[in-house]
There are 2 protein chains.
Amino acid sequence: MSSLREKILTTASALFQTQGINSTGVDTIVAVAGTTKMTLYKYFGSKETLILEVLKQGHQDFQSWLNHKLSTNTKKPGEKIQKLFDYIEEWVASPDFQGVGFIKASAEFPKEENPVHQLSSEQSLQFRQYISQLAAEANIQDADGLALQLSLLFEGAVQAEQMKRGSGAMKYAKTAAKILIDGALTH
Amino acid sequence: MSSLREKILTTASALFQTQGINSTGVDTIVAVAGTTKMTLYKYFGSKETLILEVLKQGHQDFQSWLNHKLSTNTKKPGEKIQKLFDYIEEWVASPDFQGVGFIKASAEFPKEENPVHQLSSEQSLQFRQYISQLAAEANIQDADGLALQLSLLFEGAVQAEQMKRGSGAMKYAKTAAKILIDGALTH
DNA sequence: ATTTAGCTATACAGATTAGTATAATCAAGT
DNA sequence: ACTTGATTATACTAATCTGTATAGCTAAAT
């Protein structure tokens with residue numbers, strides 16, 4: 001079971017989001033999680049490993065949640081891309097939303113050779129490919145191009161939301177996305 | 001004259017961009033700038049002040065460059081918003097492009113009470129208002145809404161460009177922007 | 001030649017950080 | 001009752017970072 005490992009993960013995730021990654025010490029993490037450094041370093045050999053695990057967990061949670069929502073609420077595969085931002089907005093508005101890890105992480109670790117930066121970059125690409133796949137299912141010509149544009153809206157809105165909480169940026173990203181998708185569908 | 005002050009400013013700006021703000025120590029800055037800590041602390045009383053000055057300088061450089069380009073290359077005021085992303089792309093592609101400070105800074109200093117975060121937030125808002133003004137000059141109904149959407153594309157593309165250099169994200173942001181602007185103009 | 005101002009050189013204080021070493025505690029299973 | 005394994009508690013090391021103190025250098029102006 002090892003609920004302590006998960007407790008450390010969720011605590012670190014919340015602190016990284018609210019305080020920043022570099023500004024959050026392991027002492028703070030273990031204090032808030034109600035454990036000690038020894039236990040943290042037993043489960044995660046280093047702070048960097050912990051960061052990577054937090055990123056993996058967050059990305060997987062988001063992807064599986066989104067995929068489940070889209071799979072159960074659409075009939076034809078081409079419908080998914082049209083509902084994509086509806087669920088993204090729902091995700092961002094949910095109370096346990098803890099930001100999008102890879103956006104913040106890539107900003108705090110800008111060196112390309114850094115493992116955290118590399119994982120962030122990989123996750124960003126993976127999400128874009130997921131959108132591209134949805135676009136292709138809807139028979140959109142330039143699926144990759146539209147996917148990139150939608151990912152820009154997504155990342156920009158998350159960025160704006162992080163900059164000023166409750167800015168409603170994702171709502172405007174959603175309407176912009178609909179325009180871009182409609183335009184791509186008719187061509 | 002005080003060219004040392006400017007040397008420190010540009011050096012810090014470059015290092016903040018490539019290494020991250022929190023990961024760049026003042027010792028590194030003065031070593032690269034070819035001066036000493038005493039001089040740095042004489043001009044800027046603290047590292048935080050230096051960060052704020054770097055942000056102010058970068059934002060002002062960008063705004064005045066952009067404004068000059070738009071003013072000299074358009075005849076009617078309504079044309080500006082259509083050429084906006086052409087010049088933004090040119091700016092990002094220029095060799096001395098050193099990122100957009102407020103995007104990175106707000107990610108590294110997420111606490112809203114932090115002065116660096118506050119300045120970043122303010123600059124982001126100011127840029128959005130500038131776009132909104134261009135939209136209003138073109139007689140666009142929901143100028144603020146379009147401005148927010150365009151700023152999302154802008155910030156998302158800069159974010160993507162920082163994540164993977166030379167990704168060409170701004171090119172796709174530009175075409176998406178044109179679609180959104182055209183849509184807003186016909187309504 | 002001497003003063004003055006700006007800059008350098010260097011050492012250091014004080015705080016914070018990641019990570020480790022060691023011993024004590026606690027809860028089970030046998 | 002005893003062992004085993006996981007966790008806690010605490011102290012420590014070594015590195016890093018911001019900011020300061022002190023003294024010396026250099027060049028120009030008078």
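Ala, Val, Leu, Ile, Met, Phe, Trp, Tyr, Cys and Pro are counted here as nonpolar, Asp, Glu, Lys and Arg as charged, and the others, Gly among them, as polar. The model is predicted, with local features requiring pLDDT of at least 70 and side-chain atom pairs pLDDT 80 or more, whereas totals for chains, interfaces and linings use all residues. Residues are numbered from 1 along each chain as its sequence is written, and chains are lettered from A and ligands numbered from 1 in the order in which they are written.

**Figure 1. The surface near DNA strand C.** DNA strand C is surrounded by 15 residues, the closest being G25(A), S46(A), K47(A), T35(B) and M38(B); a residue is near a strand if its C-beta atom, placed from the backbone, lies within 6 Å of it. By class, this surface comprises five nonpolar, six polar and four charged residues. At least two residues each are supplied by α2 (26–33) and α3 (37–43) of chain A and by α3 (37–43) of chain B. Helices (H or I, at least four residues) and strands (E, at least two) are DSSP runs, numbered from the N terminus.

**Figure 2. The overall fold of chain A.** Chain A contains nine helices and zero strands. The C-alpha trace of chain A spans about 60 × 35 × 30 Å along its principal axes. For 187 residues, a compact globule would have a radius of gyration near 16 Å, and the 18 Å of chain A agrees; the radius is taken over C-alpha atoms, and the globule rule is 2.2 Å times the number of residues to the power 0.38. Of the 187 residues in chain A, 42% are buried. A residue is buried if 20 or more other C-beta atoms, placed from the backbone, lie within 10 Å of its own, exposed if 12 or fewer, and partly exposed in between.

**Figure 3. Helix α5 of chain B and its surroundings.** The 14 residues of helix α5 (residues 80–93) of chain B should span 20 Å at 1.5 Å a residue, and the end C-alpha atoms are 20 Å apart, which agrees; the expected span is 1.5 Å times one less than the number of residues. K80(B), I81(B), L84(B), F85(B) and I88(B) are buried in this helix. Their cover includes α4 (47–73), α7 (115–137), α8 (143–163) and α9 (169–186) of chain B.

**Figure 4. The interface between chains A and B.** In this interface, 36 residues of chain B are in contact with 36 residues of chain A, contact requiring C-beta atoms, placed from the backbone, within 7 Å. On the side of chain B that touches chain A, the elements giving two or more residues are α1 (3–19), α6 (101–108), α7, α8 and α9 of chain B. The largest share, 12 residues, comes from α8(B). This side of chain B holds 16 nonpolar, 15 polar and five charged residues.

**Figure 5. The relation between the two copies.**

**Figure 6. The loop residue N139(A).** N139(A) lies in the loop between α7 (115–137) and α8 (143–163) of chain A. Its phi is near 60°, a positive value in a residue other than glycine. N139(A) is exposed, with 11 other C-beta atoms within 10 Å.

Key
Contact = placed C-beta atoms within 7 Å.
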